[in-house]
Amino acid sequence: MTAILRVLLRRLVTSLIVLIGVSMLIFAIARIIPGNPARIALGPNATAEQIERLSAALHLDAPIWVQYGYFLRDLSRGDLGISLYTNRPVTADIAQFLPATLELVLVAGVMMVAIGLPLGVLSARYRGGAIDNAIRVFSLLTVSAPGFVWAVILMLVFAFFVPIFPIAGRISDSYSIPAVTGFLAIDTLLAGDLRAFGNAAWHIVLPALALALSGIGQAARLTRANMIETYDRPYIEMARSYGFPEGRIARRYALRPSLIPAMTIIGLDFASMLGNAFLVEAIFAWPGLSRYGVAVILRKDLNAIVGTVLIISAAFLIVNVIVDLLVAVINPRIRYSQRSA
Amino acid sequence: MKRTLFILLSNPLSLLGVILVALVVLCAIFANVIAPFPSHAGAVVDFVNFNKPPQWPSIMGTDLVGRDIFSRILFAYRISLVLGVVVLSIAVPVGVVIGLAAGYLGGWIEYCLMRLTDVFLSVPPLVLAMSIMGVLEPTLLNGMLAVTAMWWPWYTRVVYNITRSEREEGYVLAAEVIGAGPAHVMFREILPNCVPAIVTKMTLDLGFVILIVSSLSFLGLGVQPPTPDLGSMVAEGARYLPDSWWLTVFPALAILVAVFGFNLVGDALREILGAEQ
Amino acid sequence: MTLLSLRNVTKRFSTPAGDVLAVDDVSLDVARGECVAIVGESGSGKSTIANMILGIYPPSEGEIAFDGATLPARRSLQHRRLVQLVQQNPLSSLNPRRSIAASLRLALDVHDIGARADRPALMASLLAEVGLPASHLARAPAGLSGGERQRVAIARAIACSSPLVVLDEPTSALDVLVQARVLRLLNDLRAKRGLTFVFITHDLAVVRNVADRVAVFEKGRLVELAATEALFAAPAHPYTRRLISAVPVLTQDESDLRDRFMESLNA
Amino acid sequence: MTDTLNIRDLTLDFKGHSGTARVLHGISLRIGRGERVALVGESGSGKSVTARIVLGLLQELRGVRVGGTVEFDGRDLASLTRRQRAALRGTAMSMIFQDPTSSLNPVYPIGTQFTEVLRRGEPGISERDAALRAATLLNDVSIRDSGRVLGSYPFQLSGGMNQRVMIAMALANEPALLIADEPGTALDVTVQAQTLGLMRDMVAAHQTSVLFISHNLGVVREFADRIYVIYKGRIVESGTTRAVFDAPGHAYTRALMAAVPRLTGGGIPEIDDASADFLAPAVLHAEAAP
């Protein structure tokens, strides 16, 4: 177990370094814009005095590394500044919009693994056969369009032509669920309203599937590729020489070892859904971080941009740390490594 | 080379890919010849024929200001491909050199370069491009800049991984023992062994650049009107679903067809050239 | 007439689990024109010795001298030219994406041997020396058999006329018939060019037939150093005896020889 | 008594892009009960594919055509269904591979893999009984701390230890035939010598027939009762080990023997690595009385 803790510790340290790097990167990008951010934020009708006040508040007159120092100091207090767009603390804005996005991404992530992985296994096991070809074409198709294209297609087919799913939103207007966690799956249950839970679940199917589709294809392709490589290993031949059933060989001898490299990449794909969620949210009018993100970017609301990107990157890194831990759990080489960090 | 081409054309799926890619590239090159209304690539308004379903001569219908959707798709291909080529011709050399250096030289150079790569990889690609586009003016040039900035780390990763394993090969040791310098080993010995993987990835990426540019445009952060772009066409049309379905469906299919074609070819190349993932 | 000398050479590798002593205080002289075999099993430190002689990494302690002059940790081109290498696996020692000509030419280019225009002819004569036709120059390694590839590797090792060649298990990846021919080729080249060999191997039967002297390594330490005849007549160290008695043999004479040491081991 | 294995006129063709390639040109070979028979040849001679045909693995692949007959325990393998052939593997016949460490599943401990093997012979065996049986079997291959070994992953054990594990597994279900494909070639010489000795004692004790595949004449001489020499998909010489080593009759066998460096010295002989004589008809020594 200590080996796993060591992996956790090492990953957390690198993640922190990377996160600081990300903050510097975003901060640098945010400060290289031509023109005075305060002027841009306040619009053309602002008075010189107003601009000056805001500039001082934003420490815009200090050298850039001093500005970054202020930024870090505030960040360590959990203060991402005030959004110039909503006039509220950025953290409050994010807290309001993030749960809806996370809920969508989590459901899509589960879909990606639950559908993509088995498809990849089938494909590798029946390599060269009809099943393999069908799955390969399917997964190649799914990775060939961005989430919003799938969103449009799914919406047309399953909400308009065959109206089984709702067109947009997170939950029907007739339900009013008090927001406790922001996660409707949890809030509806907290409110004890099973019908609302069902309604919310109904709403999330299409957006999550649209978001998940290319991930499903990616996971299937990756699993297949890794398993085919594993199928060439000597221990597969050894397993066959013992006459184990092919299904058992696929599961225990080909899949298990293949998961180790595949999971890392699947983790990356899962995390990049955080970005792609923006596309799907727009089509399905999903009240997540997307509308906020696009709005603040269009308005050049620096604090909000930096905050949004940082939070998404942090979520991305956290997902990757979790994936690395899972890999460590299934990989005996890491679990039993004698090496110290 | 000959063998590669032969295998590519003898498999029905990769043949389909080659055909699709050829079609898309031809459409892009000869857009002004093929398009029934070349002028519709710009800011043209035709209030007589606006929002028309598919009919002759507008086989894919017209948009809200009466422009021929088919013509606009052709020109959108042209811009996407140019963008893809430009992005890759900057991102690939940068990513490859960094990957080679980190993988071969090792030590603190490796540590710094790979952490830098991690930083870029830790921001979801779309978010990174969005934030760059957000603070810069949303022009085509800045769009390319943003997409390039998020693209090179993927090549670094691919080349870095190959370099790490090739570094252990006997031929690298042989070159070092002879006294060849790091530049020779990296570019003349190791790089040729990365080429199959790079070519494969570039083929796939030409498709993905189309995806990402259309995604940015979809959010209003990419190619700006009146320049045609598949992503913004889908975004505009989505508001008029399902009645004016042609506004979205054709540009969406155009994305799918082009990217699918590049993916089919890239996939086949990966199999033929034995390139790693 | 010492060509190469290792003086109290020690090599430590630091690993996360702590320092590992790969080579422990080894001193060894190799005379000009001699073939010294370095024998041992995995973990004996024989590859580490080879890498230090080649200058892949410097010793942690002690020094390596060539013709009496100590070699620095960072070797210049002149130093590189002193010693060349033939590796075990001819599949990996030639770049699969470069032609035979490109692989051979590197040695000539780096050390600026011959006029540019003469180099193709020079390469052809190198190939001829290892028994390959000049037409092989244009080929890729994949088009050659294992034995042919190993010949190319040998041609590359002699291309810049290095006096010393480290042979790292040069025939253990080859079939016996090919092995015999490559060993003969190496013998001939040594005689003709007056080369000095450091022959790294685990195969004592090969050692018996090619080496002048044998250095037996166990866990990084030099446990026995003797002239080949003497070593096989009366191996002094128990580990040497164990190694000899593990060799699978073909004839009764060999069995008898082996059994003698087996008995002395058990005694 | 029927032979454990009787191969008659076995041919093998691979169908590829550029036509069909014949790999085996009619091989005949028999192994009596409890007999240790070696198939010796260089790389690419067809010895390994022969082993895989006997196991029934190669027949499952596309683009492979197998001709001739392979009789195992008097039953023609071609007359069996795919399922019946699979049922023989791991029970009536088993195989030992070249590199023990990479032939064991890296993500399960030895104990789990051992239980799987034992369940091939006795499907209902409990975890506890399997562990006990495994411990006994490991004891037979001189592994004393079987508890630690069963709880370890392959990468935690030495190559020699994994080789012993593989030997114990292969003999766990008392197979009639053991196929050993270049066993221990990846190991150090001293370890290889030890494990080969161990394997010889084990098969002798269990009366197991062995098909021993090797390129190393010295190893073969010490292990086998009879040998077949194979060159480019043809058997060129066969006979008792003693007969073949004392009086090699075929040009190829003679070249092969001459090429092996001798521990007693004598230099490296000058021999060709190819010759028309190598394709001369086979030399079949009289078999020793059973």
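## Chain C: burial and fold

In this predicted model, buried residues account for 55% of the 267 residues in chain C. As for what the chain is built from, chain C has 11 helices and 10 strands. Its radius of gyration is 19 Å, close to the 18 Å from the globule rule for 267 residues, so chain C is as compact as a globular protein of that length.

Sequence separation tells another part of the story: take the contacts in chain C between residues at least 6 apart in sequence, and 65% of them join residues at least 24 apart.

## Who touches whom

There are five pairs of chains in contact, and among these chains A and B share the most contacts. Chain B and chain D, on the other hand, do not touch, and their nearest C-alpha atoms sit 10 Å apart.

## The C–D interface

Now for chain C and chain D. Each side brings 34 residues to the contact: 34 residues from chain C and 34 residues from chain D. Together the two chains bury about 3000 Å² between them, and carbon and sulfur atoms give 61% of that area. On the chain C side, the residues that lose the most area to chain D are Leu177(C), Asn209(C) and Leu250(C), which together make up 25% of what that side buries.

What about the polar side of things? Between chain C and chain D, 17 residue pairs are in polar contact, counting pairs with both residues at pLDDT 80 or more. Which parts of chain C do the touching? Helices α7 (176-193), α8 (204-210), α10 (238-245) and α11 (252-266) of chain C each supply at least two residues of the side that touches chain D. Helix α7(C) has the largest share of that side, with eight residues. Sorted by class, the side of chain C that touches chain D holds 18 nonpolar, seven polar and nine charged residues.

Charged pairs turn up here as well, with three salt bridges found across the interface of chain C and chain D. One of them to look up in the viewer: the side chains of Arg184(C) and Glu270(D) meet in a salt bridge, at 3.5 Å from N to O.

A few spots deserve a look if you're checking torsions. In chain B, the peptide bond joining Trp56(B) and Pro57(B) is cis, with omega at about 0°. Where does Pro57(B) lie? Pro57(B) is in the loop between α3 (31-34) and α4 (69-105) of chain B.

Asn8(C) is not a glycine, yet its phi is positive, about 45°. Asn8(C) has its place in strand β1 (residues 2-15) of chain C, and with a relative accessible area of 42% Asn8(C) is partly exposed. In chain D, Asp9(D) has a positive phi near 50°, and Asp9(D) is a residue other than glycine too. Asp9(D) sits in strand β1 (residues 5-16) of chain D. Its relative accessible area is 47%, so Asp9(D) is partly exposed.

Key: Residues numbered from 1 in each chain as written. Chains lettered and ligands numbered in written order. Predicted model: local features only at pLDDT ≥ 70, side-chain atom pairs only at ≥ 80, totals over all residues. Heavy atoms only, no water. Contact = heavy atoms within 4.5 Å. Buried area = accessible area lost by both parts, 1.4 Å probe. Salt bridge = Lys/Arg side-chain N within 4 Å of Asp/Glu carboxyl O. Polar contact = N/O pair within 3.5 Å; in protein donor to acceptor, adjacent residues only side chain to side chain. Helix = DSSP H or I, 4+ residues; strand = E, 2+ residues; numbered from the N terminus. Nonpolar A, V, L, I, M, F, W, Y, C, P; charged D, E, K, R; others polar. Rg over C-alpha atoms; globule rule 2.2 N^0.38 Å. Buried < 20%, exposed > 50% of the residue type's maximum accessible area, 1.4 Å probe, protein only.
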